[in-house]
Amino acid sequence: RKDDSKTMAIRLDVDAFQSVVSKFVGKDKILRLIQYFCRFNKGVLQKGLLPLAATELEYISKKNWGLFLTLMNARRAFRLFNSVGTLLKLRDGIASKPWGKDLHPLYMAVQWMMALWPAIDHYRFLILIKWAEGSQAEVRNFSYRIFAFAQVLTMIAQLYRAYLQKDLDEKKRKQAKWNAIKAGLVSLTIGHVSQFPGLITNEIVCGGTGVASSLMDLYTIWPKVISVKGKEDNDDEASARLMGAGASVFLVTLASVSFIRAGGMK
């Protein structure tokens, strides 16, 4: 008999947060979420959906896009050598056929493209650090269009697996639906960024889909806990120690910033 008193939930504690940000992929997904939220904000501001005066609009737009550019530049290093993991997945997938025999050629093509686009994007990195000549925008559009097309193919394949593929259990069908939704969101995001014909939308759609897919990624990698109804697992003493240590660091940080702003380091 199924025990309905137990549910799987994400852990909302500092230890869970640390386990995510201690890995580069977790930190990248959090920064990606904020970055595309800035892009969503840009669309809202451009369309005048907020009742702001011209000076306020200019100020907020400048601060919002400054944050976007800083996060975008910070995330560039996270993409270096991303092809390696995909090549390993491709190596193992040749034999295991994770999408099934009927979709195996498509799986191979998608994984090959997912290894190809970040490899090409390394050239854009060389352009940005002035080690190579060329237009970084042209390289971005070329490599990102490969990425977007791979996501479109992934969405189609996952929809086929979810609704048409035989001998797939309910758990795998549910996962295929999840993967299809995420691939569709990413294709809209990257399609707009790369100006892919037919996928060009606007900043609100681009930013919104980027935020949604980032949240899906974070949900996948975030630590889970089995919650038992009527049972709480609280460590008040540990929480108090954390609050005390955190408060002291926060207060000293404020004092340090005030000292520097007052010219203490001149």
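1. Lysine 224 lies over the face of tyrosine 219, at 4.5 Å from the ring centre. A charge is said to sit over a ring if NZ of Lys or CZ of Arg is within 6 Å of the ring centre and within 35 degrees of the ring normal. Lysine 42 is placed over the face of tryptophan 65, with 4.0 Å to the ring centre.

2. The model is a predicted one, in which local features need pLDDT of at least 70 and side-chain atom pairs count only at pLDDT 80 or more, while totals for chains, interfaces and linings use all residues. Residues are numbered from 1 along each chain as its sequence is written, and side-chain values use heavy atoms, with hydrogens and water left out.

3. The structure holds 8 aromatic pairs. Rings of Phe, Tyr and Trp (its six-membered ring) pair if their centres lie within 6.5 Å; planes under 30 degrees apart count as stacked, over 60 as edge-to-face and the rest as tilted. The rings of tryptophan 117 and tyrosine 144 are an edge-to-face pair, because their planes stand at 85°, with the centres 5.4 Å apart. This pair links distant parts of the chain: tryptophan 117 belongs to helix 5 and tyrosine 144 to helix 6, 27 residues apart. Helices (H or I, at least four residues) and strands (E, at least two) are DSSP runs, numbered from the N terminus.

4. Are these two residues buried or exposed? Tryptophan 117 is buried, with a relative accessible area of 7%, and tyrosine 144 is buried at 8%. The term buried means under 20% relative accessible area, exposed means over 50%, and partly exposed lies in between (1.4 Å probe, protein chains only).

5. Tryptophan 117 also pairs with phenylalanine 147; the ring centres are 4.5 Å apart and the planes are at 5°, so this pair is stacked. It too links distant parts of the chain, from tryptophan 117 in helix 5 to phenylalanine 147 in helix 6, 30 residues apart. Phenylalanine 147 counts as buried, at 12% relative accessibility. Trp117, Tyr144 and Phe147 form one aromatic cluster.

6. A search of the whole structure finds 8 salt bridges. A salt bridge is a side-chain nitrogen of Lys or Arg within 4 Å of a carboxyl oxygen of Asp or Glu. One of them joins lysine 29 and aspartate 217 (3.2 Å, N to O). The pair links distant parts of the chain, lysine 29 being in helix 2 (residues 24-46) and aspartate 217 in helix 8 (residues 203-221), 188 residues apart. Both lysine 29 and aspartate 217 are buried. A network of salt bridges links Lys29, Lys182 and Asp217.

7. Within helix 5, how far apart are aspartate 121 and arginine 124? They are 3 residues apart, which means that about one helical turn separates them. Their side chains meet in a salt bridge (2.9 Å, N to O). Aspartate 121 is buried, with a relative accessible area of 8%, and arginine 124 is buried at 4% relative accessibility.

8. Arginine 11 forms a salt bridge with aspartate 13, the closest N and O atoms being 3.0 Å apart. Arginine 11 is partly exposed, with a relative accessible area of 26%, and aspartate 13 is partly exposed at 29%.

9. Tryptophan 131 is found in the loop between helix 5 (104-128) and helix 6 (136-163). Tryptophan 131 is exposed, with a relative accessible area of 69%.
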